[in-house]
Amino acid sequence: MNYYYKNYDVLVVGAGHAGCEAALASARMGCQTLMLTISLDTIGKMSCNPAIGGLAKGHLVKEIDALGGEMAKAIDETGIQFRQLNTKKGPAVRSSRAQADKKAYQLYMKQVLENQDYLDVKEGLVEELLTENGQCLGVISHTQTAYLAQTVILTTGTFLKGTIHIGDVSYSAGRAGESAAEKLSESFLDLGFEVGRLKTGTPPRVNAQTVDFSKMEIQPGDEVPKPFSFSNHSIGQSQLPCYITYTNSQTHDIIRNNLERSAMYSGRIQGVGPRYCPSIEDKVVRFEEKNEHRIFVEPEGRDTQEIYLNGISASLPEDVQVEMVRSIQGLEKAEIMRFAYAVEYDFAPATQLYPTLETKRVRNLFFAGQLNGTTGYEEAAAQGLMAGINASLKAKNQSQLVLDRASAYIGVLIDDLVTKDIREPYRMFTSRAEHRLQLREDNADWRLTEIGYQIGTVCESDYNKFVKKKKAVLTELRLLSQTQIKPTEEMAKKLEKVGLPTIKTAMTLADLLKRPHITYQQISDLATEIGVSSTINLDQDVSCAIREQVEIQIKYAGYIARQDLQIEKFRRLETLPIPSNFNFDAVHGLKTEARKKLSQVRPVSIGHASRVPGVTPADISILMVWLKSREMKEINNEKKEDKNLLA
């Protein structure tokens, strides 16, 4: 075995979305970082859907950006269609989504990584972890080269013993055309980690020249696209349309008649698939009452004819896929360029991790991404960012960063992973966040950018933009809260002129804006009428973001205040620590299930313990009494020691 001549602070294995964010975060924090990937040509590759964001996923991307990550900037630069989702609902559940030019996205991310200071990017297949006395020292590649580092982050995606299934054909691969990592799982098992099996899939891609788009519903992007990154104020490139079509009874009959040839239904696949993104076979079987299922027809880029058929992920044989696709309106003559397949891979249940994403079994070793049982680029990138931050902080002997459930969707994601025994691919939803009114897309920078700047992931220019924006928001809030109007005849005329109702009592502009159906623009027009000019003297795109923030903060002030009280109560429980060596088996009165679960998860606080599945409020009460009793014993022992010293 040879030792590479250079030692690193942080070593990242994998260059998917988790690996990219982990490596960039570490390097931006000033740590000498190495990224090892099976292929330099697939850095940041979109294995499945060529899109970023979506419901709740958009929140994650905004938070990644606020903390200094790269995903939002990458999609702003390479997106081909931008849409705001849930615009008719409240701001808490509005989300951003964009179709990506997937090759442009890849090249953008590769260029950023290669030009990042303190970061080396190398090609190499990792086959073994190098450990000693319960501590990770580095990795060993397939060429028997040892790379040493203070901390190691594994972001292996679907490559651990990856197996692709198409009908009755199966072969080893992490993605179509790419080799799997066969030996690293054995290293996990040798170290005592639990390893399970999951499954995901991808739909066929067809040639756009063989698609009749005139038979489909067109789905354009937003007229004025909104960027993901807080550092960008507009999207300059043109947008491409997507389309919608549907399966039909003929499609469903073809699938039903060939279920025994599907890898999923023939028993060839053992891993559990994503419940919220089922294969088309699953949809037809589970929802047999439905006569059609929607398919989003999405371009994979500006300079390719490949079209992604979002909604018909499958593991059917190739001949059946051709028949199935050609039964769909607009796809009657479609030529499949890439066939759909299912991929099965090893994962490590995340209850084996601390909230920092460091493993409990091996010190200085961090897991992130699909390895932890998640699905989706955004969930992977969020974990990668936090693993990169915490691995760097550990390498520097500094306190690590844990975002709680009231701070970020990232906090909800990681808390769910390390607390709940998840046995199916995890996907983020807004319903998973108890405090989602406070965790909106629009205020992710308000919540997290200061943290990112303090630890070194947010650059000076982005931080200065944030400070300028925050100052403008606070100034505008103060102006609206201090400007009072009275119910005079003259005021009634001015209110009528800008389309506002008359008032019966004196009130501030902020009070008026709180009323339903009254917009910020109307308030701004009224301010002009009464001679009060806005303090926002920035360009139009910037001022729109500021006005949105001001309007939301004023309109939802009462709801936000109530949620603040809930968060305060939540954080009181989070500050009641549980010692890392606490013996749950010694607590009399705890149910056997609670003892087992708590011993497995090793919660760091009472709040954390209360979210462990199988632990009841009664168990938490017993645990709090026991911890209080333990604390009193320690205080009494300290007093006795003090008396003995004085004697």
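Reply: Start with a term: a salt bridge is a side-chain nitrogen of Lys or Arg within 4 Å of a carboxyl oxygen of Asp or Glu. This is a predicted model, where local features need pLDDT of at least 70, side-chain atom pairs count only at pLDDT 80 or more, and totals for chains, interfaces and linings use all residues. Residues are numbered from 1 along each chain as its sequence is written, and side-chain values use heavy atoms, with hydrogens and water left out.

Me: Which residue forms a salt bridge with K183?
Reply: Side chains of opposite charge can pair when their charged atoms come close. Here the closest N and O atoms are 3.9 Å apart. K183 sits in the loop between β12 (169–172) and α5 (184–190), and its partner lies in strand β8 (residues 126–132), 56 residues apart. Helices (H or I, at least four residues) and strands (E, at least two) are DSSP runs, numbered from the N terminus. The partner of K183 is E127.

Me: Is E306 buried or exposed?
Reply: Buried means under 20% relative accessible area, exposed over 50%, and partly exposed in between (1.4 Å probe, protein chains only). E306 forms a salt bridge with R338, with the closest N and O atoms 2.7 Å apart. R338 is partly exposed at 41%. E306 has 10% relative accessibility, so E306 counts as buried.

Me: How many residues apart in sequence are the parts that E306 and R338 tie together?
Reply: E306 lies in strand β18 (residues 306–310). R338 lies in strand β19 (residues 336–338). The pair therefore ties together parts whose separation in sequence is 32 residues.

Me: What is the relative accessible area of E574?
Reply: E574 is in helix α17 (residues 557–574), and R611 is in the loop between α19 (606–610) and α20 (617–646). Their side chains meet in a salt bridge (2.8 Å, N to O). R611 counts as buried at 17%. E574 is partly exposed, and its relative accessible area is 22%.

Me: Which residues are linked with E574 and R611 in a network of salt bridges?
Reply: The structure holds 39 salt bridges. Some of them join up into a network that includes E574 and R611.

Me: What share of the residues of the chain count as buried?
Reply: The chain has 20 helices and 23 strands. Its C-alpha atoms fill a box of roughly 95 × 85 × 50 Å, taken along the principal axes. Of the 647 residues, the buried share is 55%.
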